[in-house]
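Have the viewer open as you read.

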Amino acid sequence: MTTATPEQRHLAALIDGEPDPGGFERAIEAIARDAALRARFERGLLIGRALRGETSSLAARTIGARVSAALASEPVRMRPDRSRPPLRPAPARWRPDWSSNQGASNRPAAALAIAASLVAVAILVGPGLIGGPSGGPNRDAPSRAQPAPALTEINAIAQAWMVEPRTLDEPAESRVLSALLVDHRERASASGLTGFIPYAAVVGQSGLR
Amino acid sequence: MPPWLVKVACVNPMRPFFLSRGACALIVVGLCLASAAVAAERAQERASLELLARMAKALSEREYEGTLVYLNGHHLSTLRIARRIKGDQAQESLLALNGPVRAVARGGRTVTCVLPDARLISVPRHSAAMATLHPSQLDVERLRAYYLIHPLGRSRVAGRDTQVVGIIPKDDLRYGYRFFIDEQTGLPLKTDLMNSAAIPIEQVMFTQIEFLEKADDEARADAPARRSSVAAPPAGAPPAEGSEAADTTPWRFVALPAGYRLVAGDPPPGQAEGGRRWFMISDGLSAVSVYIEPDQGHGFSGHRHVGAVNAAGRVVQGYQVTVVGEAPLPTVQAIAEALETQP
């Protein structure tokens, strides 16, 4: 068992959103100069997000779409639903039949869904627990299949209800732009009317859109 | 000629016309009323400027801790803010209390931001002594053409009485402000960034604040005055000029949006770090930064925004031009388009 250093204690308080007086600045300084501490900070953030149910990567956000795509491409029997008219007219070929023989015909889909869920958990929690900060998901991996339109709509609605936009897979241009934004904020606040308070816009937002 | 008729100056001296004394009296009263209205407007403007000067002073001198809410569109964040002064140096910090951990620490020499996913960004801190936008005072004469500076009454924020001052834009090329200034301390307890239609774009408001000092103006009378970026101008004082001498070679700005002009800039290539040039374009209140650097393929074209800050990018002759500022998107885009190489 190791004893936590003051920096680690300040960091833990920072991750919990409850920094001690003066501890906030010390934690920020510590993670700015110590790569190992920064990695620990990032792991703490990822684990915290996973526990809170917040997604943290673009790959994780598209898991739902991938599962949907896999289900749509699953060779289950497709036929129009005769027991209940659809709420919205849609081509019958895009609608899977869930009303009969579910236990038999959809077993592969259920297995795939479970497997996909495990993959999602691994992607969400794995990098923080196993691979460290560099063990993130491969954002360059191309999507293998396009989801069906109806499911895409559902995913779009779900995405619109996402709690926080993510930025882990932010491209280089956004990183550069974020740095310019901070630099501009600093240069303007040195001269402007409102001092430090406009930084609330930098911290209040989750990234460039 | 009846005694109540008065001969007055006329266009044609051969045909003098007459006004009754009543008409003359009406004209005189009208002129008096008009001048009184102008004087009252100027008095209100002056009172507003004094409040803004007090606000700027409080922002640079006060120590406090508190909780802010930040509202942009439907996006709401709660933030913890702290400001302390150690020696002659202010240390400030902001921490987002909801969502991913985001923080800013503004220390002695650097500003460090922890953005989502623990990404760190550090930039050099710019002291008030390097202020470029308001080098000595708010250029009221310049602002008057594009803004109306006016008191907007009183309100109550975080349980404290405030006086409200508006800096209202007269066109769509700039944003305006509404400051709710604490009557006791001068600190802005609520700041609204508004567009020309008076619709709030971004709002920052204290919900709780604790001042870490009891000092009042008298107690600070002996302390060396910190530099304030805003001051009510003395009568007859010349307007503040920015760094007009900023050397833009080999670039130049043509057809900037109305009221905007170059006020500051980095030194020419060779002295600028990393080959990046920086210029500030301002209308006296809104500040827009222009960054020019060799295109390395990670720049962007088009536009982005974060809160009320808009960014526009384009590539000009192998250089990435990025314009970032708290101004409407058409203004930011126009400034980006205004940059070209000198012939």
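pLDDT is the predictor's confidence in each residue, on a scale from 0 to 100. Two residues are said to be in contact if their C-beta atoms, placed from the backbone, lie within 7 Å. This is a predicted model, in which local features need pLDDT of at least 70 and side-chain atom pairs count only at pLDDT 80 or more, while totals for chains, interfaces and linings use all residues. Residues are numbered from 1 along each chain as its sequence is written, and chains are lettered from A and ligands numbered from 1 in the order in which they are written.

**Confidence**

The model scores ipTM 0.79 and pTM 0.66. Chain B has an average pLDDT of 80, and 79% of its residues score at least 70. Two stretches of chain B stay under 50: residues 1-6, with 8 contacts beyond four places in sequence, and residues 216-243, with 49 such contacts. Helices (H or I, at least four residues) and strands (E, at least two) are DSSP runs, numbered from the N terminus. Within chain B, the lowest confidence falls in strand S1 (residues 5-7), at a mean of 47, and the highest in helix H3 (residues 329-338), at 95.

Two strands pair if DSSP finds at least two bridges between them. In chain B, an open sheet of 11 strands has antiparallel pairing and the order S8-S7-S6-S5-S4-S3-S13-S12-S11-S10-S9. Why do strands S8 (119-124) and S9 (147-157) of chain B each have one side without a neighbour in the sheet? They stand at the edges, each with a single partner strand, so one side of each is left open in that sense. Ignoring direction, neighbouring strands of this sheet are turned by 15° against each other on average. For angles, axes are lines fitted to C-alpha atoms, for helices over the stretch in contact, and values run from 0 to 180 degrees between N-to-C directions. H1(B) packs on the sheet and touches S9, S10, S11 and S12 of chain B, with its direction at about 60° to that of S9(B).

| Strand pair | Bridges | 
|---|---|
| S10(B) (residues 160-169) and S11(B) | 6 bridges |
| S11(B) and S12(B) (residues 188-194) | 6 bridges |
| S6(B) (residues 103-106) and S7(B) (residues 110-115) | 4 bridges |
| S18(B) and S19(B) (residues 309-316) | 5 bridges |

A residue is buried if 20 or more other C-beta atoms lie within 10 Å of its own, exposed if 12 or fewer, and partly exposed in between, with C-beta atoms placed from the backbone. In S11 (residues 176-182) of chain B, 7 of its 7 residues are buried. One side carries B:Gly176, B:Arg178, B:Phe180 and B:Asp182, the other B:Tyr177, B:Phe179 and B:Ile181, and both faces are covered. B:Asp182 is the bridge partner of B:Thr162, while B:Ile181 has B:Pro188 in S12(B) as its bridge partner. A hairpin through 6 residues joins S10(B) to S11(B). The hairpin of S11(B) and S12(B) has 5 residues between the strands, and there B:Gly186 takes a positive phi near 90°.

B:Ala47 counts as partly exposed because it has 16 C-beta neighbours inside 10 Å. Its C-alpha atom is 8.5 Å from that of B:His150, 103 residues apart along the chain.

**The sheet of 6 strands**

Chain B also has an open sheet of 6 strands, with antiparallel pairing and the order S15-S16-S17-S20-S19-S18. Strands S15 (261-265) and S18 (302-306) of chain B stand at its edges, each with a single partner strand. From one strand to the next, the twist averages 25°. H3(B) lies across S16, S17, S18, S19 and S20 of chain B, running at about 25° to S19(B).

**Backbone details worth a look**

Most residues other than glycine have a negative phi, and most peptide bonds are trans. B:Thr249 and B:Pro250 are joined by a cis peptide bond, with omega about 5°. B:Ala255, not a glycine, has a positive phi of about 55°, and B:Gln317, also not a glycine, has one of about 50°. B:Gln317 lies in the loop between S19 and S20 of chain B and counts as exposed, with 9 C-beta neighbours inside 10 Å.
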